[in-house]
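Hi,

Here is the model I promised to pass on.

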Amino acid sequence: MLTAPLTSATLEPDETPSFLGFAMANFPVHPPLTKLPVRREFICQIGVMASAVALLPLTGCEVSELRLPKPVSATLEFDLAKDEYKALVNVGGKAKVTVGGQDIALIRASPTEIIAFQDACAHQQCSISENGQWDATLNILTCTCHQAKFAKDGKVVGQPTDGQKLTTPMKMFKVTFSGTKGSVAT
Ligand code: FES
């Protein structure tokens with residue numbers, strides 16, 4: 001096994017070419033690795049990683065801008081005489097509507113009042129039109145997925161049972177209501 005580095009200085013000019021000389025002439029020996037190429041390669045890798053990280057926020061912005069629907073101002077008129085709203089005739093009744101691209105849960109909160117929550121619980125987005133329970137005595141909405149409770153204005157008044165601390169209120173929408181007709185606006 002060779003221990004000394006192979007260089008052309010090991011051959012005399014008039015020496016008969018040996019197998020070693022032939023091999024050196026035809027198959028150049030690579031110099032031993034030094035710290036410089038290793039360091040340069042490492043710096044290049046860091047540079048590539050930094051570039052990738054720098055591009056991430058930009059890419060994320062572009063994707064989110066493309067995918068998130070922009071809020072649209074719109075108004076929906078409803079009439080409890082129609083089948084799709086007949087659940088709202090009774091206090092505690094619910095109906096799901098979509099206004100301006102937003103899903104909304106209408107709830108008959110009292111004989112004279114209909115209120116509108118976003119149809120996604122502020123905890124883990126359970127549908128309020130499916131899982132919301134309105135207590136007309138306490139004026140509190142309970143999301144039965146994890147029992148989080150919300151006041152009529154959307155504020156959190158009871159924490160979910162999974163131990164997560166919930167502070168985000170429910171998004172509310174403006175409703176007008178009189179007799180059997182009303183409207184909800186985004
Ligand atoms: S999703 Fe409503 S309480 Fe958890």
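Below is what turned up, starting with the overall picture and ending with the strands.

Two housekeeping points. Residues are numbered from 1 along each chain as its sequence is written. This is a predicted model, so to speak of local features pLDDT of at least 70 is needed and side-chain atom pairs count only at pLDDT 80 or more, while totals for chains, interfaces and linings use all residues.

Confidence first. The protein chain averages a pLDDT (the predictor's confidence in each residue, from 0 to 100) of 79, and 62% of the residues score at least 70. Two stretches stay under 50: residues 28-38, with four contacts beyond four places in sequence, and residues 50-64, with zero such contacts. A contact here means two C-beta atoms, placed from the backbone, within 7 Å.

Overall, there are three helices and ten strands, taken as DSSP runs numbered from the N terminus (helices: H or I, at least four residues; strands: E, at least two). Along the sequence the pattern reads α-α-β-β-β-β-α-β-β-β-β-β-β. Of the 186 residues, 17% count as buried, that is, with 20 or more other C-beta atoms within 10 Å of their own C-beta, again placed from the backbone (12 or fewer is exposed, in between is partly exposed).

Now the sheet. Six strands form an open one in the order E1-E10-E9-E4-E3-E2, with antiparallel pairing; strands pair if DSSP finds at least two bridges between them.

E5 (residues 132-135) joins E6 in the antiparallel sense over four bridges, with Asp 135 opposite Ile 140. E7 (residues 148-151) also runs antiparallel to E6, over four bridges, and there Ile 140 stands opposite Ala 151. Both hairpins have a residue with positive phi: Asn 139 near 55° in the hairpin of E5 and E6, which has four residues between the strands, and Gln 147 near 70° in that of E6 and E7, also with four between.

Cheers
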